[in-house]
Amino acid sequence: MNWYYVEGGQQQGPIGDAELENKARAGEITPETLVWREGMAGWQPYREAMAAREPSPSLRMEPSATGAGVVCGECGGTFPTEEVIRMGDRYICANCKPVVAQKLQEGAPIGGGPSDPDDLARQIIAGGYTTDIGDWLGRGWQVLKENFWLVVGGFFLVHLVLVGITLVLGLVPLLGNVAQLVLQGPLFGGLMWYYARLIRGEDVGIGDAFSGFGPRFVQLMLAHIVASVFYFLCYLPAIICFAIPVIQSGLFESGANVEQIVNQMFQELSPLMIAGMALAFVGLLVQIYLYVSWIFALPLVIDREMSFWTALQVSRRVVAVHWWLFFVFAILLYFLLTIVGVIACCVGLLVTLPLFFVAQMVAYEDIFGGGSPGV
């Protein structure tokens, strides 16, 4: 939807819904600023236009066929149809009605949920959000079909940049690994936000897939690095148990290669080796738990502008409510879709792997809704 507004006596625009709200948040558009879009009889103050605004398709939340309810556009909770009303361009629950009414009176944009991350997590959990894996996959597939080249093109370019930089810098020992560690968070975070904006019906270009290389770069980088460090720590006890027998055996000093060292280790299974294998299995389980728990960390960093640690914590708290279902969701997305793509002569990976990210962002939109500032 294209909007026009008056600034300094001059008509400005067109701008989209998201940019209009951003300007209102920044104070560039006040409640009294005259605005107009196609379909309006004439210019109106921003506060009046927002109060009378019809919901756009990307914001209209109708009850699902499964009876899951309607998502409140302010707090993000899910409520029965009879417990919500439409205000502005959102459906609002009874608890949020006074707050939204005040915002409309002041000309402030509504929606986005609470800005405090703790409040956000509490309200989502208290709202008893539902999970529908089939619906997420189905809607993800619909988004992919309707925006095929934007979805696949963004995915291909982001991964091409990551692989290309890693290979080039990999000519220097360890530098490629460091580059991948630094760039993967911003690249994947930007790609996820790009898909979220497609899902919301915003106008985006292929360059928006690299939105992670912006103000949120450091936080996205830290989110990935810190998560990777925790994944490594899951296996550290096992690594120590494996390393002690090898050091004691003197195989390193003898010049034995890796294959000889491994063969010798398993020929002479010591209690430490057995303990190491057990600890490695435990480490794998812990890593899986953390991976599933942090599935929404990157989107929270870039979309809701949370710090990396806050995003990891909020994601973990919200996912914990339905952790096993998210585990099944991750298995379906990552393993089954990858297998299907490989069976389709690997070309199918260009469809199934982007679907992994799009379906994940459909789930994010259902649970967290649109972005708002965090800490």
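**A walk through the model**

Start by selecting Gln360: this residue is buried, with a relative accessible area of 3% (buried means under 20%, exposed over 50%, partly exposed in between, with a 1.4 Å probe and protein chains only). Before moving on, note that this is a predicted model, where local features need pLDDT of at least 70, side-chain atom pairs count only at pLDDT 80 or more, and totals for chains, interfaces and linings use all residues. Residues are numbered from 1 along each chain as its sequence is written, and side-chain values use heavy atoms, with hydrogens and water left out.

Stay on Gln360, which sits in helix α14 (residues 349-368). Helices (H or I, at least four residues) and strands (E, at least two) are DSSP runs, numbered from the N terminus. Now show Ile295: its backbone oxygen is reached by the Gln360 side chain at 2.6 Å.

Next, pick out the open sheet, with four strands in the order β2-β1-β3-β4 and antiparallel pairing. β2 (10-15) and β4 (44-45) are at the edges with a single partner strand each, so one side of each has no neighbour in the sheet. Strands count as paired if DSSP finds at least two bridges between them; β1 (residues 3-7) and β2 have four. Zoom in on Trp3 and you'll find Ile15 of β2 opposite.

Last stop: helix α7 (residues 175-199). Then click Gly201, which follows α7 and has a positive phi, near 80°.

Terms used
A polar contact is a pair of N or O atoms within 3.5 Å; within protein, one must be able to donate a hydrogen and the other to accept it, and residues adjacent in sequence count only if both atoms are side-chain atoms.
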